[in-house]
Number of protein chains: 2
Amino acid sequence: MKKYIEENRDRFLDELFSLLRIPSVSSLEKHGPDMRKCAARLAELLKEAGADTADVYPTKGHPVVFGQKILDPSYSTVLVYGHYDVQPVDPLELWKSDPFEPEIRDGAIYARGANDDKGQLFMHLKAFEYMLREGKLRHNVKFIFEGEEEIGSPSLAQWALEHRDLLASDIILVSDTTMISEQVPSINCGMRGLSYIEVKVTGPDKDLHSGHYGGAVANPINVLCDMVSSLIDKDGRINIPGFYDDVVELSDEDRAKLARAPFDLEEYKKFLDIKEVKGEKGYTTLERTGIRPCLDVNGIWGGYTGEGAKTVLPSEAYAKISMRLVPNQDSARITELVTDHILSIAPDYVKVEVRHYHGGNGFLIPISSPAYQAASKAMGEVYGIEPVPSRGGGSIPILADLQRILGIDPLLMGFGLERDTIHSPNESYLLSQLFKGMESIALFYEYY
Amino acid sequence: MKKYIEENRDRFLDELFSLLRIPSVSSLEKHGPDMRKCAARLAELLKEAGADTADVYPTKGHPVVFGQKILDPSYSTVLVYGHYDVQPVDPLELWKSDPFEPEIRDGAIYARGANDDKGQLFMHLKAFEYMLREGKLRHNVKFIFEGEEEIGSPSLAQWALEHRDLLASDIILVSDTTMISEQVPSINCGMRGLSYIEVKVTGPDKDLHSGHYGGAVANPINVLCDMVSSLIDKDGRINIPGFYDDVVELSDEDRAKLARAPFDLEEYKKFLDIKEVKGEKGYTTLERTGIRPCLDVNGIWGGYTGEGAKTVLPSEAYAKISMRLVPNQDSARITELVTDHILSIAPDYVKVEVRHYHGGNGFLIPISSPAYQAASKAMGEVYGIEPVPSRGGGSIPILADLQRILGIDPLLMGFGLERDTIHSPNESYLLSQLFKGMESIALFYEYY
């Protein structure tokens, strides 16, 4: 496919950039029109690439794009999943270029969504286009692109239930994850699940002067800090009764297998500019993100946060808290456990409310499956080295749902790199990865 | 003075409102022009009230207004202190009327600064005007109004040092505090000091995807919560070595005297809409705000604080933390202690920086002094009941400085009420308190 890429490089980038220029931030209401625009543009690109049909389906939330090419009912069918929504861009001031005006610097595209997931889903459009135009395609291909992955896919499971026949396939193919490094390709064979809550602590019913009341009235920020602090113990374990009940401990053998993945702790620390890593006692860094659950505060706020000093004892304090779960932990059960626990430790001098955001279960993919083997062969050929099976720390909760609803396994061929800093300012995607991804996917169709 | 107030009521309100309409928020740079406008307006009002001179003095920060009426060098001299700057107004959406367009509702003026301190300093202008016009004044009167009280008076101490002769007086008279209730007038005979810092915790040098890194990299918000939580122990004591070294424990007798101040805990909790109070073990609520130090987080922020969910492991987290100090605790020493402690407990997987805001020492005023006695008699006459000596929990750090620089005592005749919610949305000041305050101050001049 190398030659096809060379010949069509400018058109490819124009097409991808047309997607990146649409600020399809799913979590912010004002971007509703952008979501619809992005969905429409994707359907257009699907048809241009050769799909028989490509339609935009409204949902209660942002629309779903579905398109397909049915070559021969006897062929096996690949269902490509991707998402066209992106994360918010704040803090905007840290971006070196406009997040919605893609720019190529040092061989990488800089834009929100350059990697996650517009860049990665685009590889599938072009690999499909190539295989089809060259007459090499021996599969039916279906595409499902949603606009709500970054907010937990609240509509897609229902939509998939209602369109089970339309989606019927043999494998779900996804590029929405990372490889270990440019030199060490890897294939994700498991991902963590997610439980996400927001905690609101209310003290007095109004902001107070901290001089007049300080020392006598509970400060909701201090209380929130106490509560958050109590959630992780000194060994880095999550201090919520029952939290680890369903966590499967890996055998020493399995841990040894995972430890074969190349990993340089010093480089990792240098990349993050940290002196030390921190996590659950008794586990390595790769295990901490791969096979162990964790709890993070994703946002906290309360009181006066402007310039200078204000002596306020605030009425309210908030924290957004998420837990990454491992396969066999049930997201709904964990959310309930955590909520119950937080309410149970709430002291009687404040009011505490817990709000639930999206969640989802983790999952595992068998390495022995034909799809994994085909992907491994394809990537091995493109990168010149056999990919390492890895366990991803992130979550694509909808994949566990699709797996359950459609009865088929997902396969995660991700081409992102750590350096892409997805979800952060200056998200990027290397052109070399974009093009190698296309080649790998095209080869996957040949070997699957 | 009752009659004079009745005759001039509309003019008084017009004049006060002209001050309240100027958004003199000292902590926000954009209000620089408003600060100068407010200072000029005050000088104008001073002259109209009868001052011989009234001038605006530039400082490195916001200007100082100084005016005086020297009737006879043999008279004793009263120095009136007040401040024309106000606190920020956020959260603006909780205000029922424009904070800078005063409105009278149910017998109270609603506006930022209605009480703190424009309303209260205005009483002094009018009591002075009345005494002078009626030929009753037997004191020289000096006025010093600063524009930086809410940001810790960074310029006034230096200015006072440079203008010691101009400020020479026998007593500093201040209305910038509260009474216990409308029915129970009180005079503040002590205030707490203040130490105010900002803590910044930096983890990785960029925001990270919490799925890819969560569990393996320290989250600066979690670390900040751990650190904040460790600063107060389970008995409500501040957990910083040396913090209580200079705190003077009151004798049982003194505690019994303070306990005579009427206080209804149930009413207090009802007013704040809290089920329970919280504070240092072994002390009552009045003691906790009057004679004991405390530590409050005044603001906290980090990560994603917008709508919806974002799975970010942020790079930075911040907290503004202030400590109220009691007399004999030195603000500079405490700030140093706290800073050293916070840096010493900072774990090596994050970077921690501490920034210092303003601070100041607490102080005590002898009840036996002639000025206290005159104020007590004046307020007793106006309210029909002898005022209770009380200890204020707030801080006016500059007063301890002026006391030291000028060698004279401050006297705090405050007419604010708890219901005024200064520093919060819907700050107000009862017209009855405004006018009773004027009467009390006029009588003070007669008895002092």
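Tutor: Two strands are said to pair if DSSP finds at least two bridges between them, where strands (E, at least two residues) and helices (H or I, at least four) are DSSP runs numbered from the N terminus. This is a predicted model, in which local features need pLDDT of at least 70 and side-chain atom pairs count only at pLDDT 80 or more, while totals for chains, interfaces and linings use all residues. Residues are numbered from 1 along each chain as its sequence is written, and chains are lettered from A and ligands numbered from 1 in the order in which they are written.

In the contact between the chains, strand 11 of chain A runs antiparallel to strand 11 (residues 294-303) of chain B, and five bridges join them. One of the residues concerned is A:I300, whose bridge partner in strand 11 of chain B is B:G302. The contact as a whole (C-beta atoms, placed from the backbone, within 7 Å) takes 80 residues from chain A and 80 from chain B. On the side of chain A, strand 11 gives the most, with nine residues. Other elements that supply at least two residues each include helix 6 (210-213), helix 7 (220-230), helix 10 (285-290), strand 13 (316-325) and strand 14 (351-360). By class, this side holds 29 nonpolar, 33 polar and 18 charged residues; Asp, Glu, Lys and Arg count as charged, Ala, Val, Leu, Ile, Met, Phe, Trp, Tyr, Cys and Pro as nonpolar, and the others, Gly among them, as polar.

Of the interface residues of chain A, 100% are also interface residues in chain B, so the copies meet through the same surface.

Within chain A, an automatic or database domain assignment gives domain 1 (2-191 + 362-447) and domain 2 (193-247 + 293-357). Their C-alpha centres lie 35 Å apart, and nine residues from each of the two domains take part in their contact. On the side of domain 1, strand 15 (363-364) and helix 13 (397-406) are the elements that give two or more residues. That side has four nonpolar, five polar and no charged residues.

Helix 12 (residues 370-383) of chain A has 14 residues. Just after helix 12, A:G384 takes a positive phi of about 75 degrees.

In chain B, B:S368 lies in the loop between strand 15 (363-364) and helix 12 (370-383), and with 7 C-beta neighbours inside 10 Å B:S368 counts as exposed. B:H62, in the loop between strand 1 (53-57) and strand 2 (64-69) of chain B, counts as buried with 26 such neighbours.

Key: Expected span 1.5 Å × (residues − 1). Buried ≥ 20, exposed ≤ 12 C-beta atoms within 10 Å, placed from the backbone.
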